[in-house]
Amino acid sequence: METLDIFEIYRRYCEIVSGFRDSGSKAQLIREALTELVESRRKTRHSITEEIHTLMTRLGNCLRCGDSSEFSRFYDFVFFICRENGQKSISVSRAINAWRLVLAGKFRLLNQWCNFVGSKSHRHNISEDTWKQVLAFSQIIRGKDDDLELQGYDPQDAWPILIDDFVEHIHKRVRINPKPVVDQDSLSSDMVRLLRLSKRK
Amino acid sequence: MAVIEREPIELSKGWEIMEKGITKLKNILEEKDEPQFSSEGYMKLYTLIYDMCIQKAPHDYSQQLYHKYRETFEEYISSTVLPSLKDKHDEFLLRELVKRWSNHKIMVRWMSRFFHYLDRYYIARRSIPGLKVVGLACFKEKVYAILNEKVRDAVISLIDQEREGVQIDRALLKNVIDIFVEIGMGKMECYEDFEAAMLKDTAAYYSRKSSNWIFEDSCPGYMLKLEECLKREKERVAHYLHSSSETKLIEIVQQELLTEQVFVRKTIELHDKYLAYAEGSFKNHSLFHKALKEAYEVLFNKIVAGSSSAELLATFCDNILKKGGSTEKLSDEAIEETLEKVVKLLAYISDKDLFAEFFRKKLARRLLFDYSANDEHERSVLLKLKQQYGRQYTSKMEGMVTDLAFARENQNHFKEYLSSNPHLNPGMDLTVTVLTTGFWPSYKSSDHKLPAEMVKCVEVFREFYQTRLQHRKLTWIYSLGSCVIKGMFDSKSLELSLTTYQASALLLFNESDSLSYQELKSQLDLSDDDLKRVLHSLACAKYKILNKDPNTRTISPTDVFEFNAKFTDRMRRIKVPLPPVDEKKEVVADVDKDRRFAVDASIVRIMKSRKVLGYQALVMECVEQLSRMFKPDVKVIKKRIEDLINREYLERDRENPNLFRYLA
């Protein structure tokens, strides 16, 4: 089998994916077509992370804008190329490395997210669906940097559990260290009682 | 300065003088007319000991004096203390004991003053037990060890008298309890021995009470009594027990008085009462039926004393259906009626699947160990459940009952087979119950190594089974087996009724006099958990058929065991109980697993018919579908959806991530 470099693999990947998508084929068929592609990378000496980095540099401007379809296709490709031995999901450590690389500057809670996923003694691998939804999540909470309420996020939506847990985790930390509006602790308990009494009146 | 060479004091000479002092001390203790020690008198004895310890060898008598010190106590105890306690009983025994203990402590105080020089040099240098410790230990070994059971019973009987309203001498009890604490010399083991017996008696006491009160009192009346009992037990701890006993005592009282028997019976009673109101006084108005339903739903989805209502109801049924259960006195009609009501109450429980699993586990025990009291009732309760909750709900349980009937038939065939092939007879009686996998709870089939005798049995049966059904695979579950073996003990032989594990452990001692834990483990091939349980039941529980070195109450991997030939019992046949593993966690885990399958199936069913569906709608339909059996957690549903996406049953819509598509 011929050995392809990462650029060629990416080019063919884009071809296959858009070709199948237009014809409305099943995910199954796409994957079969892609399996061969992944095999062709086997002999390279570089690590996945290095190769993604090279690819990113080359693609340069096309990827600058976070929600361009070009970027989202590249993002999906990263998941695809990170898979090992035809597995459907990728390991947590690999996913974190890749996220730190490709979402840098595009996901304002990237650091918290990676720490959370890494610390959580999260046994499960990252599935393709979760991977994709992380990009959607990063886009939806794009707002002011200090918005820890995560206003774009609706708990009623079908976010993957890992993301739900992450939001809960962020909220919990906000609750523990709230921005002090009135420093309750410094008020003596008598003052608090007085305040309550006056409110009741 | 000149050193005056003195003649050394001979041991016998010196001891003669010591003995006079000791006799004086004893006289003081016995309240004979004897003046107290003057400081001169005390100094004389102290100096004497000092002199006898600093003389050059061979006249250094430190070691001998150390022994004489102990012997003095031992002699006093056997000549005076024990005889004074021997013929006393109950309260009089306790009074005498308190007096003797307080005297003993005085004696230890004086003696250790006389012999003080030993503590400073001889004992310190050798790091052997000090004078105080030796003195107190004498009482523990010579008095407490002999009398503690008698004393313990006397204390417990006083406590029971107080529970019945008799005025007792609380100060006396407090003093006796203090002995248990003090004699441990920093360890609580003596008190804990007492405590264990006391708690056991408490449990028995309240279990008796509860079985009477349950029929005498109304639900509120019963609860008031319970509160009163809890208050009294707390007072009891404050007045004379050790504070560490409070939580344990309260727990026991609650456990005994708030059993599933009480809970279920009383809720049935209440339900009858309010149902009558709703039907009669309120003319069957739907509002009242609804209120009753809602109230019961809240009640039944609470956790009572650490158990879910599902578990309580299942245990309640088990108690009714098993031999020697608490309702043995009830008539068949009453039992039927009670079961009918339980099945109705079950409607209020959202975790019906949890009830089914607990019920099935208990049914399995009843069937396999022949605990079931009455076949008719078993079948009737299954029928009621089936009518109420559908065929699927009881299909496994019915399968179990049928299995057992087949097994009996099969056993007859096996007997015939053996009688027509006498050369195959393994030389002992063997009963095998063949079950269908799937109907029964899943049991561990470990690699346990059977003794050769039993291996032969297994082989014979395997061959027999092959002749009847060729393509069935038999898996042996030794953990459920039981055995009767004959133990040849020194005084007489006993029939021991054991589990297979216990029996195979004991049979190993036919070959070896003593076996270490590790040897037993490798020869039996049991997990540590199982082996510890088995060895505990044989060496540390009621019947000590094995001696264990060291003789402690827990099993450790460094222990060594040997057959206790001296063991005997007044019965001819004894059953050595092996406490069952707590199956609660297992049941809950099993139910969780089943729920995952149920949610999967439900999602697939829904998506198969809808093809495309929004996330919220999918969750709602799923909850709706499953609520007949349980109330699924939304997070669990979500997790299953994620899993189904991974397994490519579903996919997320490319444009709208809240929309799912079914992938055929």
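**Reading a two-chain model**

Mentor: Start with B:His104: its relative accessibility is 3%, so this residue counts as buried. Keep in mind that the model is predicted.

Trainee: What makes a residue buried or exposed?

Mentor: Look at the relative accessible area. Under 20% is buried, over 50% is exposed, and partly exposed lies in between. B:His104 has 3%, and therefore counts as buried.

Trainee: Where does B:His104 lie?

Mentor: Find helix H4 of chain B, residues 90–114; B:His104 is in that helix.

Trainee: With which residues is B:His104 in contact, leaving aside its neighbours within four places in sequence?

Mentor: There are contacts to B:Phe73, B:Ile77, B:Gly135, B:Leu136 and B:Phe139. Take B:Gly135 from that list. B:His104 and B:Gly135 stand 31 residues apart in sequence. Their C-alpha atoms are 8.4 Å apart in space.

Trainee: Now a second residue. Is B:Lys140 buried or partly exposed?

Mentor: Apply the cut-off again. B:Lys140 has a relative accessibility of 21%, so this lysine counts as partly exposed. Helix H6 of chain B, residues 131–163, holds B:Lys140.

Trainee: Which residues is B:Lys140 in contact with, its neighbours within four places in sequence left aside?

Mentor: B:Ala145, B:Ile183, B:Glu189 and B:Cys190. From B:Lys140 to B:Phe180 is 40 residues in sequence, and 9.7 Å in space between C-alpha atoms.

Trainee: Let us step back to whole chains. How many helices and strands does the secondary structure of chain A come to?

Mentor: Ten helices and zero strands. Read from the N terminus, the elements go α-α-α-α-α-α-α-α-α-α. Chain A has 201 residues, and 38% of them are buried. The chain exposes about 12,200 Å², with 49% supplied by carbon and sulfur atoms.

Trainee: And how many helices and strands does chain B have?

Mentor: Chain B has 24 helices and eleven strands. Of its 664 residues, 44% are buried.

Trainee: What share of the contacts in chain A with a separation of 6 or more comes from residues 24 or more positions apart?

Mentor: In chain A, 68%. In chain B, residues at least 24 apart make up 69% of the contacts between residues at least 6 apart.

Trainee: Next, helix pairs. At roughly what angle do the axes of H5 and H6 of chain A cross?

Mentor: Roughly 155°. Angles over 145 degrees count as roughly antiparallel. H5(A) is therefore roughly antiparallel to H6(A). H5 spans residues 69–82, H6 spans residues 92–102, and the axes come within 11 Å. The crossing is right-handed.

Trainee: Which residues of H5(A) and H6(A) meet?

Mentor: H5(A) brings A:Phe71, A:Phe74, A:Tyr75, A:Val78 and A:Cys82. H6(A) brings A:Arg94, A:Ala98, A:Trp99 and A:Val102. Sorted by class, this contact has eight nonpolar residues, no polar ones and one charged.

Trainee: At roughly what angle do the axes of H14 and H16 of chain B cross?

Mentor: Roughly 30°. The cut-off for roughly parallel is under 35 degrees. H14(B) and H16(B) are therefore roughly parallel to each other. Their axes come within 10 Å. This crossing is right-handed. The contact includes B:Ile335, B:Leu339 and B:Val343 of H14(B), with B:Val381 and B:Leu385 among the residues of H16(B). By class, six residues are nonpolar, three polar and five charged.

Trainee: Where does B:Glu648 lie?

Mentor: In the loop between helix H24 and strand S10 of chain B. With a relative accessible area of 22%, B:Glu648 is partly exposed.

Trainee: Which residues does a cis peptide bond join?

Mentor: B:Asp549 and B:Pro550, with omega about 0°. Look for B:Pro550 in the loop between strand S6 (546–549) and strand S7 (560–563) of chain B.

Key: Residues are numbered from 1 along each chain as its sequence is written. Chains are lettered from A and ligands numbered from 1 in the order in which they are written. This is a predicted model: local features need pLDDT of at least 70, side-chain atom pairs count only at pLDDT 80 or more; totals for chains, interfaces and linings use all residues. Side-chain values use heavy atoms; hydrogens and water are left out. Axes are lines fitted to C-alpha atoms, for helices over the stretch in contact, and angles run from 0 to 180 degrees between N-to-C directions. Helices (H or I, at least four residues) and strands (E, at least two) are DSSP runs, numbered from the N terminus. Angles under 35 degrees count as roughly parallel, over 145 as roughly antiparallel, 65 to 115 as roughly perpendicular and the rest as oblique. A crossing is left-handed if the near helix is turned anticlockwise from the far one by less than a right angle, and right-handed if clockwise. Contact means heavy atoms within 4.5 Å. Ala, Val, Leu, Ile, Met, Phe, Trp, Tyr, Cys and Pro count as nonpolar, Asp, Glu, Lys and Arg as charged, and the others, Gly among them, as polar. Buried means under 20% relative accessible area, exposed over 50%, partly exposed in between (1.4 Å probe, protein chains only). Accessible areas come from the Shrake-Rupley method with a 1.4 Å probe; for residues, only the protein chains shown count as cover.
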